[in-house]
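Hello,

Here is the structure I promised to pass on. Please have it open while you read, as my notes follow below.

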Number of protein chains: 2
Amino acid sequence: MSKKLTGSCIFGQSGGPTAVINASAYGVIKAALESPNITRVLGAANGIVGVLNDRLYDMGEEDPYELSLLLHTPSSELGSCRYKMKDPDVDDTDYKRILEIFKKYDVRYFFYNGGNDSMDTCDKINRYMEKVGYECRVMGVPKTIDNDLYNTDHCPGFASAAKYIATSCMEVSKDARVYDSGMITVVEIMGRHAGWLAASAAVATYCGSGPDLIYLPEVDFNMETFLNDVKSVYRRNGKVLVAVSEGIHYADGTFVSEAKTSATDGFGHAQLGGLAAMLAEIIKNETGAKVRGIELSLLQRCGAHLASQTDIDEAYLAGKTAFDCAVAGETGKMVAFKREMIDGEYHCKMELIPLTSVANYEKKVPLEWINEDKNFVTLEFIDYVLPLLQGEPDLPREHSMPRYARLKKVFADGRIVD
Amino acid sequence: MSKKLTGSCIFGQSGGPTAVINASAYGVIKAALESPNITRVLGAANGIVGVLNDRLYDMGEEDPYELSLLLHTPSSELGSCRYKMKDPDVDDTDYKRILEIFKKYDVRYFFYNGGNDSMDTCDKINRYMEKVGYECRVMGVPKTIDNDLYNTDHCPGFASAAKYIATSCMEVSKDARVYDSGMITVVEIMGRHAGWLAASAAVATYCGSGPDLIYLPEVDFNMETFLNDVKSVYRRNGKVLVAVSEGIHYADGTFVSEAKTSATDGFGHAQLGGLAAMLAEIIKNETGAKVRGIELSLLQRCGAHLASQTDIDEAYLAGKTAFDCAVAGETGKMVAFKREMIDGEYHCKMELIPLTSVANYEKKVPLEWINEDKNFVTLEFIDYVLPLLQGEPDLPREHSMPRYARLKKVFADGRIVD
């Protein structure tokens, strides 16, 4: 298993960006650039699409300082994609093309950084390469703000988004309670099928000022119960802050926000949004109160200035571990996080799990972490999430504004302009 | 003018909250608590409404450490209001009541922290007290994220909102350019009649990644020109980030976002919102591109975690200066900021201007700071705004979350519960 394998490596980013996905990129790229086993470090432009189109950046051309800024640069610096690979047994066109590119650049290591769908892509590529007998070690690096990957305590990217959400809810909570008149505010938070992010708004309440009510997609939504909850808090306090997951749905599975379900992303997922505005309208009609809907939108997943240092460290380590383990002989695995509480203190251990065990499953918030009234989370959730949010990064700045990595992005095949 | 005047003081907060309005509160309250001229420091609950209703907190009851946390606590900690005072020559009911309260607590100093309308309130109270011969020194402390107060270089609260907007636009810009497919993003920024905040999005572009196009209410909006601008950038780059002020309007004065102009706030201003979603829909129909609308909403005015230290310092100093000058004999004035560039370095000098010179005027972005195509700002605007954003506060934290002031809010008249 530790047979020495020398050649190029490709690193690619896939799916929705996060505040720390580039920290994982740096973990892989830095280790690869320093490794005697790697002849050339390639970055795929827009993930697997860049491999298919032979759009590969030579990471060896980059300035080391600029690369180090990836630790604090949000979004997927190499570009991302939402490209669904076909089953190779049905149509192996893409796989043949990937093999061609792998051979062209003597690629022996492939690292893919993404969520559920990306681990599926990773798994398919790994199995194909094994089938055709091309020696290449394929490793998955987890990433998703949704925190819904299976067999890992949590996912890089989640904690920073959670910290953004909790901090923003804390600030909005202060703002939305300022007037002497009544006010109801609805904050819409990302999360299609898992409520980890919306649940994280509870940290604001735990820390002094946050939502009164939280609704997750783990529980069927009932509009009447919801309106009664809101009215009850409104009668009591005159102010209500509600956090809802974009993915809340009725018992029959239809999303509460139906408005935009016609548009879909590349994987056939419904594109949600506009839920906060919709609920605000319904509450206003029902209560006559002043109601405001706020959608945290893209801000919550790219808020690098509010990143958790724990998340940055773990994301970096996930990338580095994937690389080190691949060089040591591993393939077909994803790096996972195992939580260890030692003397009440949080520690995170890296471990490897088979790609097949993670692809296409979704991990949800345990029902026992949701309160009896199904409108908030329990202290067990706070205990789970709080250690992940700890630590503030020392953000590199220029003019008091974030200073992001500025990469040259030189194409590996010598192209100057794309 | 320096005649010694001893008695109580009242401090009140009015209008929309900001990230640093409590820093001004701390400037007044701390100086007042330390002053031998002040017998009792009172904080009005919900501004002038708290005075009218005899809801006054005894600030002397507060823990000094908790008070110091006001420097980093967003929103108006004492509560705010939007209450329009009548002309005392038409109806002096409110003024008589204020006089009654002033006499009850022997109030000899009144500090009011707010924007245009609040300075008008301040001015009216000052003139009434002079008319009836009740000795009370009345001072205005400026506050508005809109930066539209007259006769001052800028206003406390603006810079922190601008920094939040610029940083968020920088992050969104990274996120919105991540996929290999086309994408157009519209960010809606506060500002009814003045475009200072929307213009500040240009700082993101100046610092490496930000909007391609910016539209301000200082210029009449033309939908056809706007769509042509967007299409032109889209053809060139495949990605477009547009920043629009909520107050953009057609040549006839009607707001582009007409949807919500029926609801109005207490002053008869139209309640805007939903513009980003509306423009996104129009652009989508016109271009067929994927378009996303983002409304920064309340987040931009309460983002204390992204405050400018310069803004915090100046807001604090504005409060302290108002207090010190009142004790020295001034009345009927507002603290204003004068910019002084010494050896190319920014300095801010406090000065006093008559309340009458500021109330009810609106300062707009100079037309010469808007580019020829009316879709961006010039470097002169960057030169103006950049010094104001400098410096990061050392935010007090608990569990890596902001630790806000927790005040007791003990009523001055001995009430335990309200």
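Just after helix 10 of chain A, Gly288(A) has a positive phi of about 75°. Helices here are DSSP runs of H or I with at least four residues, and strands are E runs of at least two, both numbered from the N terminus. Please bear in mind that this is a predicted model, in which local features need pLDDT of at least 70 and side-chain atom pairs count only at pLDDT 80 or more, while totals for chains, interfaces and linings use all residues. Residues are numbered from 1 along each chain as its sequence is written, chains are lettered from A and ligands numbered from 1 in the order in which they are written, and side-chain values use heavy atoms, with hydrogens and water left out.

Helix 10 itself covers residues 275–287 of chain A. Its 13 residues should span 18 Å at 1.5 Å a residue, and the end C-alpha atoms are 18 Å apart, which agrees; the expected span is 1.5 Å times one less than the number of residues. Leu275(A), Ala276(A), Leu279(A), Ala280(A) and Ile283(A) are the buried residues of this helix, where buried means under 20% relative accessible area, exposed over 50% and partly exposed in between (1.4 Å probe, protein chains only). Seen down the axis of helix 10 of chain A, the buried residues fall within an arc of 130°, so they line one face of the helix; the arc is that of the directions from the helix axis to the C-beta atoms. Ala277(A) and Asn285(A) are exposed on the other side. The buried residues of helix 10 pack against strand 6 (183–189), helix 9 (223–237), strand 8 (239–245) and strand 9 (291–295) of chain A, with contact meaning heavy atoms within 4.5 Å.

Next, helix 1 (residues 21–34) of chain A. How far apart are its end C-alpha atoms? They are 20 Å apart, in agreement with the 20 Å that its 14 residues should span at 1.5 Å a residue. Eleven of those 14 residues are buried, so helix 1 of chain A is largely enclosed by the rest of the structure. Among the buried ones are Ile21(A), Tyr26(A), Gly27(A) and Val28(A). The partners that the buried residues of helix 1 pack against include strand 1 (7–13), strand 2 (38–44), strand 4 (107–114) and helix 12 (309–327) of chain A.

Now for the spaces inside. A search of the whole structure finds one cavity of 30 Å³ or more. On a 1 Å grid over the protein atoms alone, a cavity is a set of points where a 1.4 Å probe fits but cannot get out, a pocket is an open set with protein on both sides within 12 Å along at least five of seven lines, and lining residues have an atom within 4 Å of a point. Grid points are joined across faces, edges and corners, and a volume is the space filled by probe spheres set on the points. The largest cavity holds about 40 Å³ of space. Its lining includes Ile214(A), Tyr215(A), Lys374(A), Phe376(A) and Val377(A), and by class it has seven nonpolar, one polar and one charged residues. For these classes, Ala, Val, Leu, Ile, Met, Phe, Trp, Tyr, Cys and Pro count as nonpolar, Asp, Glu, Lys and Arg as charged, and the others, Gly among them, as polar.

Ala202(A), in helix 8 (residues 202–206) of chain A, is buried at a relative accessible area of 2%. Leaving aside neighbours within four places in sequence, Ala202(A) is in contact with Ile214(A), Phe376(A), Val377(A) and Ile382(A).

The second largest pocket has about 680 Å³ of space. Of its 27 lining residues, Tyr57(A), Glu77(A), Lys409(A), Lys174(B) and Arg177(B) lie nearest its centre. Helix 6 (residues 158–175) of chain B gives the most to this lining, with three residues. The classes here are eleven nonpolar, eight polar and eight charged.

His399(A) has a phi near 55°, positive although the residue is not glycine; His399(A) sits in the loop between strand 12 (397–398) and strand 13 (401–402) of chain A and is partly exposed at 36%. Lys374(B) likewise has a positive phi, near 60°, and is partly exposed at 39%.

Best wishes
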